[in-house]
Amino acid sequence: ATPVWCVAVTSDSVRAVTGHEDHVIRVWNLVSGVMEREIDAHTALVGTLAVTADGRRVVSGSAGPDGSIRVFSLDNGRELSRVATFSEGVVSLRLICGDTRVVCSTTNQLVVLSLSTGEIVRRLVSPGDECMIRKVVMSPDEKYIVGGLDDGSVWMWTAPADEPIPGVDAPAQSGGMLVDVIGSLRPSFAG
């Protein structure tokens with residue numbers, strides 16, 4: 001058996017989707033307990049994934065040399081698109097804005113991408129060049145992106161999901177504060 005790096009469940013609680021070290025995504029039927037399919041997804045480990053709200057697609061990200069974000073059909077396992085590739089790999093990702101965008105962490109930055117075009121909508125920089133953003137989540141109201149860093153700190157960025165915002169670099173400021181994409185200061189949470 002190969003180690004599991006990530007798990008997601010469809011909104012109807014019928015399927016679980018797992019990402020593995022052997023580069024494969026496995027789709028499990030939660031009712032029967034049977035594996036429905038294996039998807040040869042990446043050329044490096046599948047480190048993060050998310051299922052769309054309709055339960056029909058999985059978006060996966062690969063750490064290491066593959067570094068790609070890809071979309072697959074859960075019904076037939078076919079690759080639907082390659083959204084983007086990052087040389088430093090993809091550490092964590094979440095679907096936002098009604099599954100039209102994906103926010104991902106790649107080493108020391110968060111990147112918000114259009115799921116359909118791969119275009120970078122926003123780029124948010126972590127508080128230090130040496131701090132890896134390990135996990136990223138979006139608040140349920142999609143107002144905040146929250147990242148957990150490997151130095152034990154938690155940082156948040158405001159993220160108005162209903163407004164298309166052109167690419168903005170928002171460098172973090174020292175002293176436990178950061179500049180969000182609309183220019184105001186927000187306190188960070190120390191861990």
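**Labels and their grounds**

Modeller: Let us begin with the surface, where Val4, Val7, Val9 and Leu30 make a nonpolar patch of about 340 Å². This is a predicted model, in which local features need pLDDT of at least 70, side-chain atom pairs count only at pLDDT 80 or more, and totals for chains, interfaces and linings use all residues. Residues are numbered from 1 along each chain as its sequence is written, and side-chain values use heavy atoms, with hydrogens and water left out.

Biologist: Why is leucine 30 called partly exposed?

Modeller: Buried means under 20% relative accessible area, exposed means over 50%, and partly exposed is in between. Leucine 30 has 44%, and is therefore partly exposed. Leucine 30 is found in the loop between strand E3 (24-29) and strand E4 (35-40); strands are DSSP runs of E with at least two residues, numbered from the N terminus.

Biologist: Is aspartate 99 buried or exposed, and why?

Modeller: Aspartate 99 has 17% relative accessibility, so it counts as buried. This residue lies in the loop between strand E9 (92-96) and strand E10 (101-106), and its phi is near 65°, a positive value in a residue other than glycine.

Biologist: Which label does serine 13 receive, and why?

Modeller: Serine 13 is partly exposed, because its relative accessible area is 48%. Its phi is also positive, about 60°, although serine 13 is not a glycine.

Biologist: Why are strands E13 and E15 said to stand at the edges?

Modeller: The open sheet has the order E13-E14-E15, with antiparallel pairing. Strand E13 (133-138) and strand E15 (154-158) each have a single partner strand, so one side of each is left without a neighbour in the sheet. Two strands pair if DSSP finds at least two bridges between them; five bridges join E14 (residues 144-149) to E15.

Biologist: How many disulfides are counted?

Modeller: A disulfide is a pair of cysteine sulfur atoms within 2.5 Å, and by this rule the count is zero. Cysteine 6 is buried because its relative accessible area is 10%.

Conventions:
Patches are made of residues with over 30% relative accessible area and no salt bridge: like charges are joined within 9 Å, nonpolar side chains (Val, Leu, Ile, Met, Phe, Trp, Tyr) within 5 Å. Accessible areas come from the Shrake-Rupley method with a 1.4 Å probe; for residues, only the protein chains shown count as cover. A salt bridge is a side-chain nitrogen of Lys or Arg within 4 Å of a carboxyl oxygen of Asp or Glu. Helices (H or I, at least four residues) and strands (E, at least two) are DSSP runs, numbered from the N terminus. Buried means under 20% relative accessible area, exposed over 50%, partly exposed in between (1.4 Å probe, protein chains only).
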